Amino acid sequence: MKNTQFRDLSLIPLSNDDLLVIACDCSAGIGEKQADMVAVDTAIMAAYSLRVPLMELISFGAQPIAVVDTIGNEMVPTGQRAIKGIKSELAKASLSGLPLNGSTEDNMVTKTTSVGVTVIGRIAKKNLPCINSDDLTIFQLGIPYVGETVKQHLNDIFSYDIVRQIKRDPAVIDMLPVGSKGIQYEADQMAATHGLALKKPTQWDDVKMKQSAGPATVLLAGVETSQADNFQKRFQGLKPIALLVKEDEK
């Protein structure tokens with residue numbers, strides 16, 4: 001297998017049995033500097049920058065093994081605050097032992113906060129997600145928040161534990177965190193992966209479904225439609241929002 005791209009993930013052969021999986025994200029203009037567009041604790045901003053690639057790897061089924069931060073600001077105080085936030089988020093995800101490396105910008109004076117995070121994971125080829133051709137029901141976990149609304153709902157955003165529980169459920173075929181591109185984009189991505197078409201319900205709101213979900217404040221789960229009712233009983237915090245069907249059934 002050659003190096004390849006799967007949605008937003010880079011897959012790199014590590015051995016005959018395993019792959020490296022790489023995910024990344026960045027945030028800029030959000031923090032405590034004078035020209036930032038959204039004023040928030042730098043530690044919180046950095047934590048949520050890490051959340052996005054962590055959610056991507058966990059949803060894919062990969063085990064994170066290392067984190068790299070690229071901070072476009074000075075070490076003191078911005079870098080220190082960012083690193084504190086990253087370590088705090090790793091603890092929330094039960095990943096405190098992961099190696100953390102990175103760099104800061106100490107040559108130039110910066111007026112906006114900028115943090116990039118790369119997470120490297122590992123997955124056995126036998127555990128790669130399966131491609132399903134049967135109908136799927138898309139369930140939504142969480143509400144789209146971005147910018148100021150993230151600040152207002154920090155205690156409402158779903159945990160890593162619930163994501164891992166959903167991932168382990170046998171009815172779940174696919175999972176995707178939703179970020180800046182919105183729910184509809186990720187639903188279309190899931191449909192394309194499985195060779196299916198997105199069937200929207202009559203109450204589908206194109207505007208709402210295209211709005212940003214910021215730092216992965218929404219998760220989509222693709223569930224075998226035949227098991228959707230039982231799945232919803234197990235996870236009552238998720239709601240069905242659309243179907244993925246064969247093109248001739250749309």
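Modeller: Contact, as the word is used below, means heavy atoms within 4.5 Å. The structure above is a predicted model.

Biologist: With which residues is M45 in contact, leaving aside its neighbours within four places in sequence?

Modeller: M45 belongs to helix α1 and counts as buried, because its relative accessibility is 5%, where buried means under 20%. Once the neighbours within four places in sequence are left aside, the residues in contact with M45 are S27, I30, V40, T113 and V115.

Biologist: How many bridges join strand β3 to strand β8?

Modeller: Strand β8 covers residues 114–124 and strand β3 covers residues 18–28, and the two run antiparallel. Within this pairing, L20 stands opposite R122. Strand β8 is also joined to β6 (residues 63–71), again antiparallel, by eight bridges, with D69 opposite V117, whereas the number of bridges between β3 and β8 is 11.

Biologist: Is A82 buried or exposed?

Modeller: A82 lies in helix α2 and touches T42, A46, I71 and V115 when residues up to four places away in sequence are not counted. Its relative accessibility is 0%, and since the limit for a buried residue is under 20%, A82 counts as buried.

Biologist: Which residues touch the most other members of the largest nonpolar core?

Modeller: This core has 46 residues, and its largest share, nine residues, comes from helix α1, which spans residues 42–60. A second, separate core has 19 residues and includes I138, V178, M190 and L244. In the largest core, the residues that touch the most other members are I166 and F231.

Biologist: Which residue caps the N-terminal end of α4?

Modeller: The cap is made by a side-chain oxygen that lies 3.4 Å from the backbone nitrogen of D161. The residue that carries this oxygen is S159.

Biologist: How many of the residues of strand β10 are buried?

Modeller: Strand β10, residues 172–178, is joined by six bridges to β12 (residues 218–224), and these two strands run antiparallel. In this pair P177 stands opposite L219. Strand β10 is mostly covered, and of its seven residues the number buried is seven.

Biologist: How many disulfides does the structure hold?

Modeller: A disulfide needs two cysteine sulfur atoms within 2.5 Å. The structure holds zero disulfides. C24, for instance, is in no disulfide, and its nearest cysteine sulfur, that of C26, is 7.9 Å away, while the total for the structure is zero.

Biologist: What is the phi of A216, a residue other than glycine?

Modeller: Most residues other than glycine have a negative phi. A216 sits in the loop between α6 and β12 and is buried, with a relative accessible area of 1%. R7, in the loop between β1 and β2, has a positive phi near 55°, and the phi of A216 is also positive, near 55°.

Conventions. Residues are numbered from 1 along each chain as its sequence is written. This is a predicted model: local features need pLDDT of at least 70, side-chain atom pairs count only at pLDDT 80 or more; totals for chains, interfaces and linings use all residues. Side-chain values use heavy atoms; hydrogens and water are left out. Buried means under 20% relative accessible area, exposed over 50%, partly exposed in between (1.4 Å probe, protein chains only). Helices (H or I, at least four residues) and strands (E, at least two) are DSSP runs, numbered from the N terminus. Two strands pair if DSSP finds at least two bridges between them. A nonpolar core is a set of buried Ala, Val, Leu, Ile, Met, Phe, Trp, Tyr and Cys residues joined through side-chain atoms within 4.5 Å. A polar contact is a pair of N or O atoms within 3.5 Å; within protein, one must be able to donate a hydrogen and the other to accept it, and residues adjacent in sequence count only if both atoms are side-chain atoms.
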